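Subject: Structure for you to look at

Hello,

Here is the structure I promised to hand over. Please open it and keep it beside you while you read my notes.

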Amino acid sequence: MDNSPVFSHQGQGGYESGPGYEGGQEPGGYDGQERNGYEGGQEQGGYEGGQEQGGYEGQDQGGYEPTLPDQPSPALQLAGRDDPPTIELGPPLPDPAAPTYPYPAPGPGEPPGPVYVVGDVHGYLEELRAELRHQGLIDADGHWSAGRARIWFLGDFTDRGPDGIGVIDLVMQLAAEAAAAGGYCRALMGNHELLFLGAAKYGDEPVQSTAGTASFLAAWRLNGGQQNDLDRLEAHHISWLSRLPAMAVEDGHLLLHSDTTAYLEYGESIPDVNDAVHSLLADGSVDEWWDCFRRFTKRFAFRGEAGPLAVHELLDTYGGSRIVHGHSPIPYLTGAVHNDDGQPPHIPGPYVYADDLAVAMDGGVTMEGRLLVARLPIG
């Protein structure tokens with residue numbers, strides 16, 4: 001069981017951030033500095049990419065201004081929300097060949113094991129091992145010890161932290177060991193998986209973005225990409241990452257990486273969405289890859305007065321009674337990036353919001369928060 005407390009904020013008209021937090025401006029002049037020295041500036045109109053490890057200065061090429069996955073969208077300043085509900089266009093024709101993702105069936109009279117979810121890891125391998133060990137999911141040697149338990153990683157294994165490939169290797173190892181024990185370890189595809197795969201596949205090949213011509217490699221570096229991860233990326237890593245599902249339902253919980261309604265643009269069933277993303281990664285052009293990455297980098301759809309409506313739109317389409325997601329760090333969702341004394345944000349546990357319909361699991365490990373592992377249901 002997760003011993004960390006759950007915190008939520010319910011108020012009329014949705015969650016309202018603390019003093020000084022309006023439409024994407026962080027309180028107290030937060031400069032976006034993270035553990036690896038990355039300084040995320042403004043997304044548009046004056047973005048200054050801070051220096052990355054290895055001396056990278058983050059200067060744009062050809063006017064490229066990246067969308068930083070850990071920065072609120074400027075659209076919040078204009079319309080009050082980043083990601084309005086999409087217009088229903090009617091369901092697509094069903095595809096009988098669309099893939100499904102079955103879970104291991106329990107033996108006669110044997111219930112399935114408990115379900116755990118893991119927030120964004122971003123290369124912090126030692127923090128991941130410590131938290132899995134604390135929850136009793138792995139032993140002292142880092143091997144599966146949870147029997148028939150089921151674990152879902154919510155994506156974003158790499159970038160910003162020191163050992164993204166080590167994180168991927170551990171998750172792949174636990175997937176095999178869990179299956180042998182009758183359990184289940186699976187992972188979702190996050191926007192950083194799309195970015196990492198794009199950097200490996202397309203490098204500096206130009207893509208057309210709304211801010212000018214850019215490349216996957218430039219965007220990956222600006223978003224915390226670690227050269228050590230790219231150097232150690234092998235074919236079996238690429239194959240595994242490329243086949244990750246974009247979404248799933250587990251015990252009534254709709255699991256997503258990103259707090260966005262952009263999933264609706266890829267299909268109106270979970271198999272359709274997953275199949276569309278897999279087909280794009282197999283046969284899509286560099287611009288189609290880029291468009292997919294940009295869509296799944298959107299955030300904050302479930303925050304504010306219209307947030308519950310966006311949650312219901314996804315639940316009504318894909319099933320489940322509650323959304324569990326990563327992607328947007330809890331300090332940004334709450335507006336409490338720093339304490340008054342300047343200390344790192346305090347993250348007591350998952351953040352429940354949007355009329356208790358959404359659970360955020362990104363504890364902000366890249367900004368000295370926490371790497372969260374929690375058992376469902378939460379709260």
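Start with Asp120, in the loop between strand 2 and helix 2. This is a predicted model, so treat every value here as computed from a prediction. Is Asp120 buried or exposed? With a relative accessible area of 2%, Asp120 is buried, since buried means under 20%. Now find Asp362. In sequence, Asp120 and Asp362 are 242 residues apart. In space, their C-alpha atoms are 5.3 Å apart. Asp362 is also one of the residues that Asp120 touches beyond four places in sequence. Others on that list include Gly155, Asp156, His257, Gly326 and His327.

His122 sits in that loop too, between strand 2 (115-118) and helix 2 (125-134). His122 is buried, and its relative accessible area is 2%. Which residues does His122 contact, leaving aside those within four places in sequence? They are Asp156, Phe157, Thr158, Asp159, Arg160, Gly161, His192 and Thr366. Asp156 is in contact with His122, and Asp120 touches Asp156 as well.

Next, His327. This residue lies in the loop between strand 9 and helix 11 (330-334). Its relative accessible area is 1%, so His327 is buried. Check the backbone as well. The phi of His327 is positive, near 75 degrees, and His327 is not a glycine. Asp356 also has a positive phi without being a glycine, at about 65 degrees. Look for Asp356 in the loop between strand 10 (351-353) and strand 11. At 38% relative accessibility, Asp356 is partly exposed.

One more backbone point. Leu376 and Pro377 are joined by a cis peptide bond, with omega about -5 degrees. Pro377 belongs to the segment after strand 12 (373-375).

Now step back to the whole chain. The protein chain has 11 helices and 12 strands. How much of the chain is buried? Of its 379 residues, 55% are buried. The accessible surface is about 15,400 Å², and carbon and sulfur atoms account for 49% of that.

In soluble globular proteins, nonpolar side chains tend to be buried together. The largest nonpolar core here has 101 residues. Which of its members touch the most others? They are Leu132, Phe153, Phe157 and Phe302. Helix 3 (residues 164-180) gives this core its largest share, seven residues. Take Phe153 as a worked case. Beyond four places in sequence, its contacts include Val118, Val121, Leu128, Leu132 and Val171. Cys185 is on that list too. At 9% relative accessibility, Cys185 is buried. Cys292 is buried as well, at 1%. How many disulfides does the whole structure hold? The search finds zero.

Helix 10 (residues 307-318) has 12 residues. At 1.5 Å a residue, helix 10 should span 16 Å, and its end C-alpha atoms are 17 Å apart, which agrees. Its buried residues include Val311, Leu314, Leu315 and Tyr318. The buried residues of helix 10 pack against several elements, among them strand 7 (247-250), strand 8 (253-256) and helix 8 (270-283). After helix 10 comes Gly319, with a positive phi near 95 degrees.

Helix 8 has 14 residues and should span 20 Å. Its end C-alpha atoms are 20 Å apart, which agrees. Ile270, Val273, Val277 and Leu280 are among its buried residues.

Last, confidence. The chain averages a pLDDT of 80, and 70% of the residues score at least 70. Residues 1-5 fall below 50, and this stretch has 16 contacts in the model beyond near neighbours in sequence. Residues 85-91 also stay under 50, with seven contacts beyond four places in sequence.

Best wishes

Notes:
Residues are numbered from 1 along each chain as its sequence is written. Side-chain values use heavy atoms; hydrogens and water are left out. Helices (H or I, at least four residues) and strands (E, at least two) are DSSP runs, numbered from the N terminus. Buried means under 20% relative accessible area, exposed over 50%, partly exposed in between (1.4 Å probe, protein chains only). Accessible areas come from the Shrake-Rupley method with a 1.4 Å probe; for residues, only the protein chains shown count as cover. A nonpolar core is a set of buried Ala, Val, Leu, Ile, Met, Phe, Trp, Tyr and Cys residues joined through side-chain atoms within 4.5 Å. Contact means heavy atoms within 4.5 Å. The expected span of a helix is 1.5 Å times one less than its number of residues. pLDDT is the predictor's confidence in each residue, from 0 to 100. A disulfide is a pair of cysteine sulfur atoms within 2.5 Å.
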